[in-house]
Each structure stands twice: as C-alpha cells, then as structure tokens.
Amino acid sequence: MAKIVGGIGCSHVPPVGIASDKGQTTDGYWSPLFEAIPPARKWILDQKPDVMIVVFNDHATSLSFKMVPTFAIGVAPYYENADEGYGPRPIPHYEGDDQLAWHIAESCILDGFDLTIVNELDLDHGFSVPMTVMFGEVEKWPVKVIPICVNVIQYPPPTAERCFHLGQAIRRAVEEYDEDLRVMIAGTGGMSHQLQGERAGVINTEFDIKYLDNLSGNNIENMKKPHLEYIRESGTEGIELVMWQVMRGALDERVKETFRKYHVASSNTAFGVICLENDN
Ligand code: DHB
Ligand code: FE
C-alpha cells in the first residue's frame, strides 16, 4: 500500500527561484539561505519518495480570477512551468502521477471534500519555487507530482482547520491506494509577509517561530486560528500558511522535526523551510 513518509513546509518566494536559475545562490544576499538547504534536500531524498503532493496556490496565473476554486487537484500526467510575464522558468517540466491523483480525487470527493478536477494546469512560482528549494537544480525531477491548489488569493479562503481536515482525507486516500508508493506532502507559501497596502512589508518573526514550533508541538493553536488572526499577525499574504495545515493534517498526531531554516528577509518575505516525519 502507499504511505506518507514525510511532510515539508516551504515558502515560495519568487526571487529564490530566480536566484537559483541565474546561478546567484552563492552571492552574499542569497548564500545564507542556500547554504542552509542541503541537509533538507538530503533528508527528502533519504526518504526515497516516489511522489510529491504539493499543496500550493496559483497566483491568478493559470486559474485566473475568472474562476477561483477553493480546493483543486491536478490529475494530469504532465505539467509545464507557467509564464508569469518573463517567460517560463528554465527548469524541467513535471511528470504527474495521474493514477494516484485520480484515486485521491475520487476518495476525497466521496469522503466529503469536493475537489475541483483540473486536467491541465501550468504551474507558477507557488509550485516551482518549493520544488527548487526541495530538489535544487536538476535535469529531471526525482519524483512524480500531484498539485493540490488552495485558494488564498481571494476572500474567503478556506480555514486552517478545513485545510487540516483535507490533509487527513488525503492521507486516508493515499493509505488505501494499492501500490507500494512512498509519498511525501509539501505545504507551501508563507511565512509572514504583506506585499501591498498600508502595512506592506509586515514581517512577524515571533509569530512565524511560534507557528513552526507548533507544527511538532501544539498544532491545534495553528489549526484553530481564524483568518483574521493570520492576517493581522502575519500580513495579508501570511494567510498562505493555511496551506501548511494540509501537510500537517496528512501526518500523525505526533511528529518529529528533522530540519528547520528560518531566514529574514528573503525579498519581502520571511522564508521558512521545515521537514517533519511521523514519530511513532
Ligand atoms: C513575494 C512573495 C510571495 O509569496 C509572492 O507570491 C510574490 C512575491 C516576495 O516576497 O517578493
Ligand atoms: Fe505568494
């Protein structure tokens, strides 16, 4: 049977992808971040994942404001990098695990989570930057992917608690899949940041560190927090952190933290990466 072998929380700051693409990872501004990442990449590969479920948000790139599904799942065998205005990133395209994705779609929908089914989706920085952070510069991604898209760009987004419960449903789906696959799940976006408005530039290190601590401690605090608190404390785009709750919901109640890097600032954002494994 398939099983979930680990979870990752990871920011999606676009200039991190650009720094990687332009060979700037050893430059002074970027080196403190990129030098810290290799142990996370090693830990991920050590888990020998076959599939990475990436919980991310499209930034009105492919889905556009014409249609904003609350939760959606990609069921394609293949995904391209999106053109966000300056050409697609020069990194590999993605192979989807369409069979597992269809199984998760069916299982979740019959389980009460009405995921929107997406047959074709170009993936923007919300997806590609965490892939770069997790796997580095590669000629081919070492995993198949399943994109799970969460609306965090137009009010009202789903609650953190609903996201957590989606993670639980995804786990049930994975564990009833009749193939010996090692599946990892990444919750992406965050940490504290606000890109526009009067409070543009918000970074709340205390809030972020508490959020990271809670993932392997009192995650109920993260899960029960209402939107307003996320936004007040961590900025309008800090709401992206609800996506990490899908990842957290797919893991055991008790988890062990195996890696953490928190870095301020990366572009306008507090950058966080954390790796978690079940502690049983
Ligand atoms: C930045 C962060 C984001 O989450 C995003 O979607 C776009 C830009 C930034 O910090 O530059
Ligand atoms: Fe974003």
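Is S267 buried or partly exposed? S267 is partly exposed, because its relative accessible area is 30% and the buried class ends at under 20%. The model behind this answer is predicted. Its chain has 280 residues, with 10 helices and 10 strands.

**Overall build**
- The radius of gyration of the chain is 17 Å. That agrees with a compact globule, because a globule of 280 residues would come near 19 Å.
- The C-alpha trace spans about 45 × 45 × 40 Å along its principal axes.
- Buried residues account for 56% of the chain.
- Take the contacts between residues at least 6 apart in sequence: 80% of them join residues at least 24 apart.

**Surface and charge**
- The chain has an accessible surface of about 11900 Å². Carbon and sulfur atoms hold 49% of that surface.
- There are 23 positive and 40 negative charges.

**Helix α5**
- Helix α5 covers residues 125-135 and is mostly covered, with 11 of its 11 residues buried.
- Among these buried residues are H125, F127, P130, M134 and F135.
- D124 caps the N-terminal end of α5. A side-chain oxygen of D124 sits 2.8 Å from the backbone nitrogen of G126.
- G126 is itself one of the buried residues of α5.

**Cis peptide bonds**
- Y155 and P156 are joined by a cis peptide bond, with omega about 0°.
- P156 lies in the loop between β7 (144-150) and α6 (160-175).
- Another cis peptide bond runs from V264 to A265, and its omega is near -10°.
- A265 belongs to strand β9, which spans residues 255-266.

**Positive phi at two serines**
- S64 is not a glycine, yet its phi is positive, at about 65°.
- The loop between β2 (51-56) and β3 (71-74) holds S64.
- S64 counts as partly exposed because its relative accessibility is 23%.
- S267 also has a positive phi, about 55°, although it is not a glycine.
- S267 sits in the loop between β9 and β10 (269-278).

**Around strand β9**
- Two of the features above meet at this strand. A265, at the end of the cis bond from V264, is within β9.
- S267, with its positive phi, is in the loop that leads from β9 to β10.

Technical notes
Residues numbered from 1 in each chain as written. Chains lettered and ligands numbered in written order. Predicted model: local features only at pLDDT ≥ 70, side-chain atom pairs only at ≥ 80, totals over all residues. Heavy atoms only, no water. Helix = DSSP H or I, 4+ residues; strand = E, 2+ residues; numbered from the N terminus. Rg over C-alpha atoms; globule rule 2.2 N^0.38 Å. Buried < 20%, exposed > 50% of the residue type's maximum accessible area, 1.4 Å probe, protein only. Contact = heavy atoms within 4.5 Å. Areas by Shrake-Rupley, 256 points an atom, 1.4 Å probe, with all protein chains shown as cover. Lys, Arg positive; Asp, Glu negative; His and termini not counted. Charge placed at Lys NZ, Arg CZ, Asp CG, Glu CD. Polar contact = N/O pair within 3.5 Å; in protein donor to acceptor, adjacent residues only side chain to side chain.
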